[in-house]
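Work through these exercises with the model open beside you. Try each task before reading its solution.

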Amino acid sequence: MIPSQRERFDIPKEVAYFNCAYMGPLPKASVAAGQRGLADKSRPWSITTADFFTEVEQIRGLFAGLVNCRADDVALIPSVSYGIGLAAANLPVRGGQKIAVLEEQFPSNIYPWMAAAEKSGAELVTIPRPSDLDWTRDILAALDDDTAVAALPHCHWTDGSLIDLEAVGKRCRELGAALVVDGTQSVGAMPFDVQKIQPDFLIVAAYKWLLGAYSQGFVYAAPKWHQGAALEENWINRKDAENFAGLVDYKDSYEPGARRFDMGEKSNFLCTPATKASLEQITAWGVDNIAQSLGAFNAALSEQARTLGLEPVAPQRRGPHLLGIKFPPGAAAKLAASLAEAKIFVSVRGDSMRIAPHLYNTPEDVERLLDQIKKA
């Protein structure tokens, strides 16, 4: 268990922020690193050729360590939609095949597949939300020999309901289907091992549970896709890009591994230092330890919610870090508004209140949240 790390964040005492699934706050160390990057950009003569590559490779390696892959398997991207688009552009889908998604899945993991289905003549199959939230059972039942791609999250963004991706990945391999995972609502807050799950692509935005900068993210691409097509043809992902004097000696070959998929201007002298500091902090805490600590917060909240007659997602159906509590229609939105007036911040998705704590929360935050729910 990790004790409260409130001192590492710029969160006033009167604020109880349970909304990391919306946007994770930058730690103070990350803010300071970003300010240094901003200062460097104000004096560009201080930025060297090596600076275009050094921190980029460091954050690539830090992310690789979090998901148990090689740095060569990781590409740097600006958004989840970019990463999903990259996967959709490289995975073969034929007319008559199926692309499986979940009901109310986050739109960045829907729109690219809608376009891919229309272009190829495939069918976009939406798996309905099960009443008992056993997504894994229903996903496995929906996958068949016609499935080309299963495009899924690790846990549902609206309420944290969990999917057993190891079981799904095994079934996809049996069927010859590709597995594409949006891990934005899980990676950094609960364990994710690409060696066990074996996705074809894993896409993660940095600004939520990785506590990083907005407009940065990561793609894990399985080695078998490393010869695929990049979404953009930029100078910095080509071989020998470090040789600025020789950039007009155009190269057909790319940097090794998944680097061919890197976005343009990946160096991002403002955001990269901040994201690096955040990834270093998460690595130091340890994802297993983070998950255990957040799980304790949510277990206490879940137990209290049940005593009030509410319907939290059952422990066996959710991740440790994200708790959905179902309310009568319309009640969650009203309660969230009253909580915000008391400087207690949560999200509402449908009829569920989404509670997403992190290590900056304190026992006092939990007490304030429960007191307000009881009053309501």
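The model is predicted.

**Exercise 1.** List the residues in contact with His358, leaving aside its neighbours within four places in sequence. Then find where His358 lies and decide whether His358 is buried or exposed.

*Solution.* 
- Step 1. The contacts of His358, with those neighbours left aside, are Cys20, Trp209, Leu211, Trp285, Ile290, Leu294 and Phe297.
- Step 2. His358 belongs to the loop between β13 (352-355) and α11 (363-375).
- Step 3. The relative accessible area of His358 is 0%. Buried means under 20%, so His358 is buried.

**Exercise 2.** How many residues of helix α3 (residues 80-90) are buried? Against which elements do they pack?

*Solution.* 
- Step 1. Nine of the 11 residues are buried, and the helix is mostly covered.
- Step 2. Name some of them: Tyr82, Ile84, Leu86 and Asn90 are among the buried residues of α3.
- Step 3. The buried residues of α3 pack against two kinds of element. The strands are β2 (74-77), β6 (178-182), β7 (201-205) and β8 (217-221). The helix is α4 (111-120).

**Exercise 3.** Describe the aromatic pair formed by Phe52 and Phe244. Which parts of the chain does the pair link?

*Solution.* 
- Step 1. Start with the total: there are 11 aromatic pairs.
- Step 2. Phe52 and Phe244 lie 5.2 Å apart, centre to centre, with 75° between the planes. Over 60 degrees counts as edge-to-face, so this pair is edge-to-face.
- Step 3. Phe52 is in the loop between α1 (28-42) and α2 (54-67). Phe244 is in the loop between β8 and α8 (271-285). The two are 192 residues apart, and the pair links distant parts of the chain.
- Step 4. Check the surface: Phe244 has 31% relative accessibility, so Phe244 counts as partly exposed.

**Exercise 4.** Which residues have the most contacts inside the largest nonpolar core?

*Solution.* 
- Step 1. The largest nonpolar core has 92 residues. Its largest share, seven residues, comes from α2.
- Step 2. Trp113, Val149 and Leu210 have the most contacts inside this core.
- Step 3. Follow one of them: the contacts of Val149 include Leu91, Ile99, Trp113 and Val180.
- Step 4. A second, separate core has 21 residues, including Phe327 and Val366.

Key. Residues numbered from 1 in each chain as written. Predicted model: local features only at pLDDT ≥ 70, side-chain atom pairs only at ≥ 80, totals over all residues. Heavy atoms only, no water. Helix = DSSP H or I, 4+ residues; strand = E, 2+ residues; numbered from the N terminus. Buried < 20%, exposed > 50% of the residue type's maximum accessible area, 1.4 Å probe, protein only. Contact = heavy atoms within 4.5 Å. Phe/Tyr/Trp six-rings, centres within 6.5 Å; stacked < 30°, edge-to-face > 60°. Core = buried A, V, L, I, M, F, W, Y, C linked by side-chain atoms within 4.5 Å.
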